[in-house]
Amino acid sequence: MKSRTQVVVIGGGIAGCSTLYHLTQEGWTDVVLVERNELTSGTTWHSAAQVTNFGMNQTMVGLKTHSIQLYRELAEDPDYPINYHHGDGGIRLANTEAQMQGYRHFASIARGMDVQFEVIDAAECARRHPLISTENLIGGLWDPMDGDIDPAQLCQALARRARKAGAEVYRNTPVTALTQHSDDTWTVHTEHGDIDCDIVVNACGYRVNEVSAMMGVHHPVASMEHQYFLTEEIPAIRDAGQRMPLLRCPISDYYCRQEKNGLLLGFYEQDCKTWGMDGIDPNFVNALCPDDLDRVTDVLEGAFARMPALMEVGVHTIVNGPITYTIDGAPLVGPIPGKRNAFCIIGLRAGLGEGGGHGWLLAQQIVHGEACYDTWCIDPRRFAGHANVELTALKAIEDYQNEFRFHFPHEHRPAGRPAKTTPLTPVLAAEGAEFTVVNGWERVNYIKPSPDFSPTLSFDFDETFDIIAAEVANVQTGVGLAEVNGFNRIEITGADRHSFLDQMFCGTVTRRDGRVGLGYLLNHHGMVKGEATVANLAASDRGPSRVWYGSAAASELHDMDWLSQHVRPGEDVHLRSLTNDQTILVLAGPKARDVLSACARGDWSAAAFPWLSVRECFIGIAPATVMGVSFSGELAYEIHIPNASLYAAYLVLRQAGDTHGLKLFGARAVDSMRMEKSFLHWKADLITEFDPFETGLDRFVKLNKGAFIGREALQKRQAGRPHKKLVALQIDSATRPAHPGASLIHGEHVVGTITSGDWGHRTGMNLAYAFVDPELAEIGTGMKLDSCGQTVPATVIAPSPYDPEFRRMRG
Ligand SMILES: Cc1cc2nc3c(=O)[nH]c(=O)nc-3n(C[C@H](O)[C@H](O)[C@H](O)COP(=O)(O)OP(=O)(O)OC[C@H]3O[C@@H](n4cnc5c(N)ncnc54)[C@H](O)[C@@H]3O)c2cc1C
């Protein structure tokens with residue numbers, strides 16, 4: 001066994017084998033995989049191993065396409081061919097028009113990744129799958145690339161290729177401890193000796209948290225028991241002359257594929273069970289959980305009704321094994337939060353289909369610091385500290401119970417809520433607030449007209465349209481109050497704080513006390529990594545001179561890691577998170593100044609407190625820090641208040657607001673208004689796939705200001721041709737917004753992808769942002785949006801269609 005290597009991958013299932021192989025493909029060949037038993041002896045060996053191309057965003061579609069291409073190549077390798085039934089096709093069934101609409105949207109997303117799905121009616125489903133009845137069926141989504149693979153052969157093939165490239169694989173070598181050294185390198189302790197390395201990767205499947213505990217962290221991953229059975233031969237299949245397509249059924253919660261001349265039927269029963277919550281038997285190796293078909297009777301009935309042939313055959317094998325879930329169903333692939341030189345590829349619930357792609361994206365992140373796609377949807381840092389074992393288990397159960405039921409726009413399912421609240425949450429609930437969830441926080445979405453108000457889940461504009469319109473109108477003409485909880489706030493102190501931030505931002509950020517600036521952070525490839533406000537606070541009785549760095553709620557762990565990893569040795573910079581201690585109340589609208597002046601001493605006139613100012617004060621008796629910034633485009637103040645004083649401040653603001661007609665508003669109204677101002681959302685419009693010039697942030701870049709992260713790479717990119725350009729679009733439809741991921745078409749070609757869309761209530765325009773081919777970025781250029789299968793005209797418009805001179809927010 002080697003005593004030193006570059007990377008140690010722990011775990012030899014599909015996750016570990018794919019990572020090892022792809023590391024060698026990226027050019028790192030001094031790499032090692034250690035496996036406690038034999039390869040694939042965790043979950044992988046007994047997987048149903050279906051491989052679909054279906055994904056709910058472009059990153060997922062892209063990584064699955066990579067799996068399929070890789071698996072085809074492996075299957076066709078004459079030296080070591082493997083069994084891959086590729087291209088049997090698969091159908092996701094639907095019995096509601098709303099599901100069909102969703103499928104059309106996902107087909108639009110896939111189109112942008114060069115993947116062609118078809119949405120077909122019930123008769124066509126039956127024509128393609130001769131065993132199914134069309135009872136209670138409207139149609140389905142056809143994935144021509146669907147298939148299944150031999151999981152053990154797949155892992156052996158990947159390990160074999162990795163070994164050929166120079167990697168080493170140590171079987172029967174359990175990792176027993178991990179030690180990180182002061183230079184951030186690691187020692188991996190195993191039963192057969194120690195291996196020093198630069199980087200460790202946790203790919204330990206359902207034992208993920210045994211190994212994560214060795215580095216003092218816990219991942220939000222829980223296991224569920226999951227069953228399928230294999231039937232005896234079915235004569236109709238034997239005689240069909242074609243392989244049966246795969247089926248996935250959100251109506252009765254099962255999947256089904258051909259296995260030899262019978263069927264493999266897997267279940268997602270409502271009466272489901274978590275597994276291993278209180279520890280896992282060390283001898284659970286190549287093992288299964290006891291069968292329990294009683295649990296799945298309800299699912300079976302649905303499957304029998306759909307495929308009567310199932311009732312005529314016996315079951316010859318039942319498989320019940322642990323399958324891992326995370327809080328949102330997507331895996332955790334990327335850097336381990338709070339750690340250096342440590343990565344994970346865990347929480348895979350469809351690891352055979354996705355594993356090829358996840359290993360590919362992880363290897364790119366390890367070797368290059370970033371992958372070819374923005375990987376936020378699988379980033380381990382997307383959940384913060386609230387993501388504990390109990391919450392993970394609740395969400396895992398909910399997700400399992402809804403395996404094939406996709407989330408509709410604005411849908412937030414109830415399990416594990418509320419996770420994070422402020423003292424105002426019950427107060428706002430009593431005012432009729434409907435909440436959305438942002439990084440675990442219950443954030444007001446809008447105020448409901450009645451307690452039982454429940455809009456239809458749909459991709460169309462729904463019953464909330466007029467509610468949002470009224471909230472926007474109130475902010476436009478009077479004054480509104482919104483709670484923005486969970487906003488990421490990092491306090492930066494120390495004499496070098498400004499020079500540190502100069503390194504981090506690609507533009508110049510104000511250093512003046514009392515002033516606020518907006519800036520963008522790039523990665524080393526010159527691509528957009530983050531967006532933050534910087535507020536400079538002078539020394540006061542509340543603290544020393546300091547900067548408040550503010551960014552999206554979801555960025556809490558991401559930004560803290562990025563900043564702390566770039567503090568240079570000897571630099572006097574200290575970072576402290578205030579995210580969980582402070583909450584923002586946003587006061588917005590032309591009367592906002594009157595309300596603020598009525599409850600906080602001092603001169604709040606435009607001359608004394610102009611736009612982009614920050615000042616410490618009191619709202620009544622509550623200590624507050626007020627910033628003159630606006631995400632709505634109206635005159636607005638962000639009032640930052642310690643949570644202990646939040647209710648007190650709220651009461652004072654409400655009371656002062658009464659005489660000015662103050663009303664509450666929520667995140668949906670903010671989203672509508674920010675669309676009209678061309679303010680961008682992190683990880684929707686601001687992603688690592690594009691540089692700041694492509695994203696239209698030219699005015700925030702100062703290439704000649706001196707060194708900053710990403711500068712050299714950006715200079716090189718600037719010399720080339722932009723890949724895409726972010727544009728504002730007007731969509732010619734009054735019935736449906738443009739949904740993120742949808743494809744834009746020009747002639748016969750896909751020319752762009754929607755990043756955000758919403759109705760602008762002040763402008764009366766259906767608005768969207770999209771990255772499009774640069775030659776189509778001119779104002780006035782027309783193209784077509786594939787909007788849930790309908791072709792809708794879309795036209796490039798000038799940014800900020802509401803108040804383009806930015807007069808209103810300057811007050
Ligand atoms: C019944 C069932 C059906 C499924 N069907 C499908 C399907 O149709 N399609 C699909 O895509 N997915 C399916 N899955 C899910 C898929 O099988 C998993 O996502 C995948 O196998 C997980 O692979 P992994 O590498 O993450 O974990 P594992 O296969 O569990 O591998 C983890 C490895 O880490 C090793 N390890 C643990 N601790 C240590 C340690 N301390 N030291 C060294 N090594 C260690 C383990 O021994 C193990 O080999 C199914 C799962 C189940 C249970």
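The model is predicted, so to speak of local features requires pLDDT of at least 70 and side-chain atom pairs count only at pLDDT 80 or more, while totals for chains, interfaces and linings use all residues. Residues are numbered from 1 along each chain as its sequence is written, and side-chain values use heavy atoms, with hydrogens and water left out.

View 1. Strands are DSSP runs of E with at least two residues, helices are runs of H or I with at least four, and both are numbered from the N terminus. Two strands pair if DSSP finds at least two bridges between them. Strand β23 (residues 480-484) runs parallel to β33 and is joined to it by 2 bridges; Leu481 has Leu664 of β33 as its bridge partner. Axes are lines fitted to C-alpha atoms, for helices over the stretch in contact, and angles run from 0 to 180 degrees between N-to-C directions.

**View 2. The open sheet of 3 strands.** Its order is β3-β8-β4, with antiparallel pairing. The edge strands β3 (50-51) and β4 (84-85) each pair on one side only. Between β4 and strand β8 (residues 147-149), which run antiparallel, there are 2 bridges. Asp148 in β8 is the bridge partner of His85.

**View 3. The crossing of helices α2 and α9.** The axes of α2 (residues 58-75) and α9 come within 7 Å and cross at roughly 100°. The two helices are therefore roughly perpendicular to each other, a term for angles of 65 to 115 degrees. Contact (heavy atoms within 4.5 Å) involves residues including Leu63, His66 and Tyr71 of α2 and Leu352, His358 and Trp360 of α9. By class, this contact has 7 nonpolar, 9 polar and 2 charged residues. Ala, Val, Leu, Ile, Met, Phe, Trp, Tyr, Cys and Pro count as nonpolar, Asp, Glu, Lys and Arg as charged, and the others, Gly among them, as polar.

**View 4. The second largest pocket.** This pocket holds about 570 Å³ of space. On a 1 Å grid over the protein atoms alone, a pocket is an open set of points with protein on both sides within 12 Å along at least five of seven lines, a cavity is a set where a 1.4 Å probe fits but cannot get out, and lining residues have an atom within 4 Å of a point. Grid points are joined across faces, edges and corners, and a volume is the space filled by probe spheres set on the points. Of 28 lining residues, Pro335, Phe343, Gly369, Trp562 and Gln565 are closest to the centre of the pocket. β20 (342-346), α9 (351-368) and α14 (556-565) are the elements giving two or more residues to the lining. The lining divides into 7 nonpolar, 12 polar and 9 charged residues.

**View 5. The largest cavity.** The whole structure has 4 cavities of 30 Å³ or more, and the largest cavity contains about 50 Å³ of space. Its lining includes Arg593, Trp611, Tyr637 and Met809. At least two lining residues come from each of β32 and α19 (807-810).

Notes: Parallel < 35°, antiparallel > 145°, perpendicular 65-115°, else oblique.
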